[in-house]
Amino acid sequence: MRVLIAEDEQYLAESILEGLQHEGLATDLVFDGDTALERLAVNAYDVVVLDRDLPGTHGDDVCRWIIAQELPCRVLMLTAAADLDDKESGFEIGADDYLTKPFELRELVLRLRSLARRPKASLPPVLEYAGVRLDPFRREVYRNGRYVRLAKKQFAVLEILLAAKGGVVSAEELLERAWDEHADPFTNAVRVTMSTLRKVLGEPWIIHTVPAVGYRVLPPGEAPAETSGADADDEDDEVGA
């Protein structure tokens, strides 16, 4: 999941950023509405945590722009006002969820995960494919009933691949959705993370490389000829994993 935080209270914003990164979520942070629009224009986000009272472009107008552009991201509005009329107006603008300050970080994380599995095409709360079961809320992965302990980026990459249900996901998309905007587009982080993820999941390989295209998860024995399992992606260097 990739999240954009648009919040002008610096201490609160940085606390949210630290908390979400600790949960393994790729998170970007801006402090005003104008910068939020700039980020939204160039990056693909799953959820936007949007303060209504942003300086520059107002939070309501940022939300209206998201709706007008038909962006697939969900909007969770933040406000200090607990009045029901205020919440109603936020939902009318197009917000998907609402959270009143102050709030517990755990509740924010739960709401974000709930929203992220409800994009344009709804996703189930638990992903199951090719003998792998991934529970985003409990942060647990099982393969054929065996518990698999994953690092944060491994978990994020596997979640994206499983959600594709056998579809090919490019390295560029993985880098965009599982890392943040500071990630070097020429980094080998995706390749190294994919290599270590394969090894942790074990044989038979279910993550396959589609040369010059990307990666996909397929049940054992179903990989077409143009794909490969453990290949040039396998490296001993684990930087970026």
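Me: In the hairpin of strand 7 and strand 8, which residue takes a positive phi?

Reply: Look at Arg 139, with a phi near 55°. This hairpin has 4 residues between its strands. Bear in mind that this is a predicted model, where local features need pLDDT of at least 70, side-chain atom pairs count only at pLDDT 80 or more, and totals for chains, interfaces and linings use all residues. Residues are numbered from 1 along each chain as its sequence is written, and side-chain values use heavy atoms, with hydrogens and water left out.

Me: In what sense do strand 7 and strand 8 pair?

Reply: Strands are DSSP runs (E, at least two residues), numbered from the N terminus, and two of them pair if DSSP finds at least two bridges between them. Here, strand 7 and strand 8 (residues 140-143) are antiparallel, with 4 bridges.

Me: How many residues lie between strand 6 and strand 7 in their hairpin?

Reply: There are 2, and Ala 130 in that turn has a positive phi of about 55°. Strand 6 (residues 127-129) and strand 7 (residues 132-135) also pair in the antiparallel sense, over 3 bridges. Leu 127 sits opposite Leu 134 of strand 7.

Me: Which strand pairs with strand 2, and in what sense?

Reply: That's strand 1 (residues 2-6), joined to strand 2 in the parallel sense by 5 bridges. For instance, Arg 2 has Ala 26 as its bridge partner in strand 2.

Me: Why is strand 2 called largely enclosed?

Reply: Buried means under 20% relative accessible area (1.4 Å probe, protein chains only). In strand 2 (residues 26-30), 5 of the 5 residues are buried, so the rest of the structure largely encloses this strand. Ala 26, Asp 28 and Val 30 point one way, while Thr 27 and Leu 29 point the other way.

Technical notes. Buried means under 20% relative accessible area, exposed over 50%, partly exposed in between (1.4 Å probe, protein chains only).
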